[in-house]
2 protein chains.
Amino acid sequence: MSHAATFHALHAGPDILVLPNAWDAASAALMADAGAKAVATSSAAVAWAHGYADGDVLPVPTLIRALEEIARILPVPLTADIEGGYSDDPGTVADTVRAVIGAGAVGINLEDGRRAPDLHARKIEAVREAATKAGVDLFINARTDVYLAQLVAPDLAEAEAIRRARLYAGAGASGIFIPFANEAALIGRLAAAAPLPLNIMSFAGVPTAAQLQTLGVRRLSSATGLFKAAFAALQSATQAYLASGDPGPLAAAGTGAPNFNARFG
Amino acid sequence: MSHAATFHALHAGPDILVLPNAWDAASAALMADAGAKAVATSSAAVAWAHGYADGDVLPVPTLIRALEEIARILPVPLTADIEGGYSDDPGTVADTVRAVIGAGAVGINLEDGRRAPDLHARKIEAVREAATKAGVDLFINARTDVYLAQLVAPDLAEAEAIRRARLYAGAGASGIFIPFANEAALIGRLAAAAPLPLNIMSFAGVPTAAQLQTLGVRRLSSATGLFKAAFAALQSATQAYLASGDPGPLAAAGTGAPNFNARFG
């Protein structure tokens with residue numbers, strides 16, 4: 001089975017796909033070797049690793065090289081978080097997705113943010129057409145920021161999220177990602193009403209993977225959580241090292257790190 | 001004062017330079033913001049981040065782009081670990097160093113490994129000439145692997161390390177790096193006999209920075225220690241996430257991570 005077919009099948013349920021978000025080849029290899037059935041990127045974490053803020057400012061060639069490096073060493077399907085597609089011109093977004101597919105990804109995340117839903121639907125249509133021409137059954141995960149960016153009044157959010165899920169499904173999306181929908185009852189209603197597999201973002205206060213699975217959720221994303229876990233540890237280790245140069249804690253902390261020379265050699 | 005002059009001055013003593021080794025823009029920014037007076041790269045950690053093993057196999061264009069990304073956001077001097085120069089032709093190594101300088105680094109680490117010391121000296125001469133022509137007082141840190149690679153019988157190692165330090169100094173090196181010389185008495189003798197500022201590698205069993213300073217050491221390197229601290233934490237967090245999807249520990253661990261959107265925005 002191709003990586004694309006495998007990745008679609010991982011969303012078929014009833015098991016939830018617990019998807020970790022990497023940012024470079026080392027983090028992606030670690031996640032796959034730890035048992036991840038697929039690996040995603042986090043657009044924010046990739047941008048940070050290369051010295052850019054989140055928000056459509058990462059140079060696309062930098063993104064493509066990062067995806068190539070990850071795909072080169074990854075034995076499981078790769079899906080790329082590409083923010084809003086780094087453009088509001090559907091044709092330009094389609095060009096970027098052609099390069100993303102060329103780099104080895106079989107899925108994308110594409111977020112609407114504060115843009116008009118109709119523009120987002122046109123981007124999805126353009127991306128679907130480009131992927132089909134490239135011969136790839138791309139998993140297009142349409143992210144709506146109805147909750148994350150509080151796009152409408154709270155009492156209208158649920159209906160707006162469902163409306164957008166239907167709009168994006170009609171445009172060719174394969175999944176719907178609704179970050180910051182955190183409450184169990186709401187998540188269950190969204191999973192039941194959405195015409196696409198539902199993706200939830202891991203976050204403090206969100207139900208566990210097992211609970212989400214019983215609510216009908218098909219995919220959980222760690223987003224920037226794993227990057228932050230690594231860089232919080234780096235922050236502590238750096239402060240200790242600069243204060244004393246004492247290598248003890250570093251060496252001890254390093255005991256659990258993978259042997260990347262063996263992994264990549 | 002230029003970054004190059006600042007970096008040379010940081011080796012003038014008596015204070016030891018506690019130098020952390022980064023691998024990407026995020027880790028380098030974190031280290032500078034934590035108070036590092038300069039930041040180095042670790043060639044092994046840079047290779048791993050891009051999916052390659054250590055040992056002169058990282059594509060040079062990948063190295064140069066990583067250095068450019070780090071230098072773009074770094075407010076302190078940057079020195080680049082370039083393994084053995086990715087070639088045994090001195091002219092080719094000089095070409096690479098011209099690109100390293102162009103990327104924004106004001107220092108390099110260049111290791112002899114199992115190569116003939118005379119070849120290493122010729123590389124240093126070629127690099128010094130290229131840097132001088134580029135108008136940069138490059139800090140050339142000559143690394144000798146006499147101890148790390150056990151190049152000679154144990155009772156000959158100290159004399160061989162000193163012989164090489166003198167040879168490399170004569171070829172134009174600015175500092176001498178002797179990893180795996182871990183014992184305090186030995187380190188003190190090496191610091192006294194070497195004609196160049198001595199750099200020691202942080203490692204389990206190596207004296208603390210304060211002790212190394214009293215022994216006459218001028219620079220301490222974390223090598224891959226900080227990378228390993230971050231990726232050991234990532235390993236634990238990934239295993240916990242894949243097992244339960246429980247976002248609690250991730251969110252908690254992320255509390256100490258820097259705000260890279262604010263840092264790079």
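**Note on the predicted two-chain model**

1. Strand pairing at one end of the sheet. Strand β3 of chain A (residues 39-41) is joined to β2(A) by 2 bridges, and the two strands run parallel. Within this part of chain A, A:N21 is the residue that stands opposite A:A40 of β3(A). The model is a predicted one, and every point below should be read with that in mind.

2. The whole sheet. β2 and β3 belong to an open sheet of 9 strands in chain A, with parallel pairing. Read across the sheet, the order is β1-β9-β8-β7-β6-β5-β4-β3-β2. Which strands are the edge strands? They are β1 (17-19) and β2 (21-22) of chain A, each of which pairs on one side only.

3. How the two chains are related. Chain A is superposed on chain B by a rotation of 180° with a shift of 0.0 Å along the axis, and the RMSD is 0.0 Å. This is the relation of a two-fold axis. Of the C-alpha atoms in chain A, the one nearest the axis belongs to A:A230, at 2.3 Å from it.

4. The extent of the interface. Contact between the chains involves 66 residues of chain A and 66 residues of chain B. The interface residues of chain A are, to 100%, also interface residues in chain B, so the copies meet through the same surface. Together the two chains bury about 5,300 Å², with 67% of this on carbon and sulfur atoms.

5. What chain A brings to the interface. Helix α10 of chain A (residues 225-244) gives the most to the side that touches chain B, namely 17 residues. By residue class, the side of chain A that touches chain B divides into 40 nonpolar, 19 polar and 7 charged residues.

6. Polar links between the chains. How many residue pairs are in polar contact between chain A and chain B? The count is 18, with both residues of a pair at pLDDT 80 or more. For salt bridges across this interface, the rule finds 0.

7. Salt bridges in the model. Over all chains, the count by this rule comes to 26 salt bridges. Side chains of opposite charge can pair when their charged atoms come close. One of the salt bridges is formed by the side chains of A:E129 and A:K133, at 3.4 Å from N to O. Where do A:E129 and A:K133 lie? Both are in helix α6 of chain A (residues 117-133), 4 residues apart, which is about one turn of the helix.

Technical notes
Residues numbered from 1 in each chain as written. Chains lettered and ligands numbered in written order. Predicted model: local features only at pLDDT ≥ 70, side-chain atom pairs only at ≥ 80, totals over all residues. Heavy atoms only, no water. Contact = heavy atoms within 4.5 Å. Buried area = accessible area lost by both parts, 1.4 Å probe. Salt bridge = Lys/Arg side-chain N within 4 Å of Asp/Glu carboxyl O. Polar contact = N/O pair within 3.5 Å; in protein donor to acceptor, adjacent residues only side chain to side chain. Nonpolar A, V, L, I, M, F, W, Y, C, P; charged D, E, K, R; others polar. Least-squares fit on C-alpha atoms with pLDDT ≥ 70 in both. Pairing = 2+ DSSP bridges.
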